[in-house]
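Please work through the exercises below with the sequence and the model side by side. Try each task before reading the solution that follows.

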Amino acid sequence: MRPEELATLAHLRRARDLMDRDYAAPLDVPTLARAALMSPAHFSRQFRAAYGETPYGYLMTRRIERAKALLRRGDMTVTDVCMAVGCTSLGSFSSRFTELVGETPSAYRARDHRATAAVPSCVVKTRTRPSRNGEASAAGGAVRSSA
């Protein structure tokens, strides 16, 4: 890689790390672009080229990932989880959750998650990572099966 490409990736990682760390904060493309030292349009193009999805898509995947962990605990309502992960619209949250996970947040929360209790959280997170193409759902099935 050329030095300027490495610098671009370093700047993009800064924005991605911000999303990973502060997923519940109100983050928008201009804020993320500032973190990456780029214009919003250039940032969006570069982010998609580097990571294969839009900044918003990446952020929502992180939020849904965290929402799944909170819903597995079972001690929070879907509305509380929605707000805790930084979403402001329950309808949009539920739609995106269903799109990425394959079931509604309520159905996911109601399901028995005891099979994952003995599995390290880092493995559960990897195996149940939300994905638009369904590969996470298929992988998650192995973790969900009852023992």
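**Exercise 1. Find the ring over which the charged end of Arg-62 sits, and then find the cluster of ring pairs that contains this ring.**

Solution. Begin at Arg-62, whose charged end sits over the ring of Tyr-58, 4.5 Å from the centre of that ring; a charge sits over a ring if NZ of Lys or CZ of Arg is within 6 Å of the ring centre and within 35 degrees of the ring normal. Before going on, note that this is a predicted model, in which local features need pLDDT of at least 70 and side-chain atom pairs count only at pLDDT 80 or more, while totals for chains, interfaces and linings use all residues. Residues are numbered from 1 along each chain as its sequence is written, and side-chain values use heavy atoms, with hydrogens and water left out.

Next, follow the ring pairs, which link Tyr-58 with Phe-43, Phe-47 and Tyr-51 into a cluster. Rings of Phe, Tyr and Trp (its six-membered ring) pair if their centres lie within 6.5 Å, and planes under 30 degrees apart count as stacked, over 60 as edge-to-face and the rest as tilted.

**Exercise 2. How many aromatic pairs does the structure hold, and how are the rings of Phe-47 and Tyr-51 arranged?**

Solution. The structure holds five aromatic pairs. In one of them, Phe-47 and Tyr-51, the ring centres are 4.8 Å apart and the planes are at 50°, so the pair is tilted. Both residues lie in helix H3, four residues apart, about one turn of the helix; helices (H or I, at least four residues) and strands (E, at least two) are DSSP runs, numbered from the N terminus.

**Exercise 3. Which residues of H6 are buried, and where do they lie around the axis?**

Solution. First take the helix as a whole: H6 has twelve residues and reaches 16 Å from its first C-alpha to its last, close to the 16 Å expected at 1.5 Å a residue, the expected span being 1.5 Å times one less than the number of residues. The buried residues of H6 are Phe-93, Arg-96, Phe-97, Leu-100 and Val-101. They cover an arc of only 110° around the axis, taken from the directions to the C-beta atoms, which puts them on the same side of H6. After the helix comes Gly-102, whose phi is positive, near 95°.

Terms used: Buried means under 20% relative accessible area, exposed over 50%, partly exposed in between (1.4 Å probe, protein chains only).
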